[in-house]
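Please look over the sequence and the structure together before reading on. The notes below are meant to be followed with both in view.

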Amino acid sequence: NGAHLVDQTGNGVRNSIEGADGRAADYVRHWTEDGTFARIHPMNMQALWPALSLCVMAWLRDHEPESLEKAKWFFNVKDYIRFKLTGEAYLEYSGATGCGLLNTRDRKIDPDMLDIAGLRMVADKLPPVRFATDQCGKVTREAAEQTGLAEGIPVAAGCYDIDSAGLATGMTDESLINVIVGSWCNNQFISKTPVVSEQFFSTTAYAMEDYYLMLEGSPTSASNLEWFVSEFLGIEKVAAKAAGRSIYETCNEAVRNTQPEDSGLVFLPFLYGSNVNPKARGVLLGMEGWCTRAHVIRAIYEGICFSHKWHIEKMSRYCDLRGKRVRMAGGAARSGIWRQMFADILGMPIEVTGAEELGTLGAAMCAAVCIGAYRNLEEAARHMVRVVDRVDPNPAHTGIYQSKYEDYLKAIETLDQYWGSKNDF
């Protein structure tokens with residue numbers, strides 16, 4: 001999301017606006033209040049949030065009209081990189097529908113839809129749209145000299161990062177849900193029937209042409225642990241590096257050496273945003289003098305799991321989760337202790353696939369189909385995706401975690417009075 005704008009010569013007209021940017025927050029509130037969101041949502045199927053490209057482009061229209069005037073093309077970041085490799089300008093359906101600027105329902109650039117937001121002029125700045133496995137040019141001589149790639153290599157359209165993770169976990173039919181524990185708390189499933197509800201976070205065109213991708217997500221996941229490590233485990237991080245191990249294994253050990261019933265600490269993972277209230281902030285609740293750093297780390301792990309559970313419970317209103325398996329992705333999928341915690345808290349089996357960099361694998365699958373190595377993404381998944389671990393819920397922990405989850409929800413409800421002006425995402 002955000003915006004990556006280039007001029008007629010292919011050079012950036014301003015610094016890129018990234019997906020964590022907050023400058024367009026007022027448009028979320030204003031469009032919700034004046035009915036713009038209600039009119040546009042049945043077409044683009046996107047919840048409003050500050051860095052949604054639709055909101056960002058409105059901000060540029062009002063605050064930097066000169067940037068829009070100079071811009072020849074709007075890109076997502078992956079489309080910009082592909083443009084630099086090939087010299088050819090394209091968007092791709094999964095990523096383009098995820099930024100709110102396309103009509104997801106009809107899978108097209110829609111000037112009339114954009115006009116509802118006062119952005120008709122943006123339609124001319126959207127390049128042609130291609131499917132994930134389409135070829136979108138070849139590596140140019142200039143790009144080959146800069147990158148070391150061979151001139152003439154075909155370049156596939158690729159797909160949205162969440163689609164890529166879905167593909168890399170084998171999500172090619174409706175039997176799976178995909179839980180991505182990364183910077184964002186992403187929880188998703190695919191269906192040939194889209195979810196169109198203002199209470200649902202996002203419906204996009206999936207990388208597979210017949211499917212839509214339904215996502216419930218928020219920036220409430222493992223980035224919270226990353227912050228804690230960066231701010232409070234500096235000495236331990238240096239020691240772990242000297243020992244040739246990851247600081248996150250130190251965190252895993254801290255959790256392994258505690259039990260879910262040891263403390264009632266509640267962590268609300270809202271350091272970078274929230275899924276419950278736009279004004280919510282990160283909270284560590286229930287500290288006592290005997291609590292150790294290990295208890296705090298466990299509370300952070302649990303709070304992140306609870307945020308995913310909140311989204312999955314919301315998903316269940318639109319998707320029958322009975323009998324579905326969870327394929328887990330993201331950095332937390334590498335942690336055995338965290339995989340078990342997710343299984344216990346969600347009450348569902350967790351499966352993990354062999355690749356560590358799932359986004360890269362999903363992109364490689366698109367490229368493999370693009371060059372004809374496989375007929376389609378389903379066949380690519382059968383050959384390129386393998387399940388390497390499965391974790392079943394531990395019944396002894398189910399009741400404990402359910403009680404802690406209820407405390408988590410009570411903490412949010414109570415703090416709503418402190419945060420004020422609650423609005424649904």
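The structure is a predicted model.

**Helix H2 and its buried face**

- Helix H2 covers residues 36-44, and within this helix Thr36, Phe37, Ile40, His41, Met43 and Asn44 are buried.
- When the helix is viewed down its axis, the buried residues of H2 fall within an arc of 165°, and they therefore line one face of the helix.
- The buried residues of H2 pack against several other elements, namely helix H1 (25-34), helix H3 (53-63), helix H6 (93-98), helix H7 (111-116) and strand S9 (202-205).
- Just after H2 comes methionine 45, whose phi is positive, at about 60°.

**Helices H15 and H16**

- On the H15 side the contact involves Leu361, Ala364, Met365, Cys366, Ala368 and Val369, which meet Leu377, Ala380, Ala381 and Met384 in H16.
- Sorted by class, this contact of H15 with H16 has 10 nonpolar residues, with no polar and no charged ones.

**Helices H13 and H17**

- Helix H13 (residues 293-315) packs with helix H17 (residues 395-419) at an angle of about 80°, and their axes are 10 Å apart.
- This angle makes H13 roughly perpendicular to H17.
- From H13, the residues in the contact are Arg298, Glu302, Gly303, Phe306, Ser307, Lys309, Trp310 and Glu313, while H17 contributes Tyr401, Gln402, Lys404, Tyr405, Tyr408 and Leu409.
- The residues of the contact of H13 with H17 divide into 6 nonpolar, 3 polar and 5 charged.

**Serine 197**

- Serine 197 lies in the loop between strand S8 (185-191) and S9.
- Is serine 197 buried or exposed? Its relative accessibility is 12%, and because buried means under 20%, serine 197 counts as buried.
- Leaving aside residues up to four places away in sequence, serine 197 touches His41 and Tyr318.
- Serine 197 and alanine 38 are 159 residues apart in sequence, yet their C-alpha atoms are 9.9 Å apart in space.

Conventions
Residues are numbered from 1 along each chain as its sequence is written. This is a predicted model: local features need pLDDT of at least 70, side-chain atom pairs count only at pLDDT 80 or more; totals for chains, interfaces and linings use all residues. Side-chain values use heavy atoms; hydrogens and water are left out. Buried means under 20% relative accessible area, exposed over 50%, partly exposed in between (1.4 Å probe, protein chains only). Helices (H or I, at least four residues) and strands (E, at least two) are DSSP runs, numbered from the N terminus. The arc is that of the directions from the helix axis to the C-beta atoms. Contact means heavy atoms within 4.5 Å. Ala, Val, Leu, Ile, Met, Phe, Trp, Tyr, Cys and Pro count as nonpolar, Asp, Glu, Lys and Arg as charged, and the others, Gly among them, as polar. Axes are lines fitted to C-alpha atoms, for helices over the stretch in contact, and angles run from 0 to 180 degrees between N-to-C directions. Angles under 35 degrees count as roughly parallel, over 145 as roughly antiparallel, 65 to 115 as roughly perpendicular and the rest as oblique.
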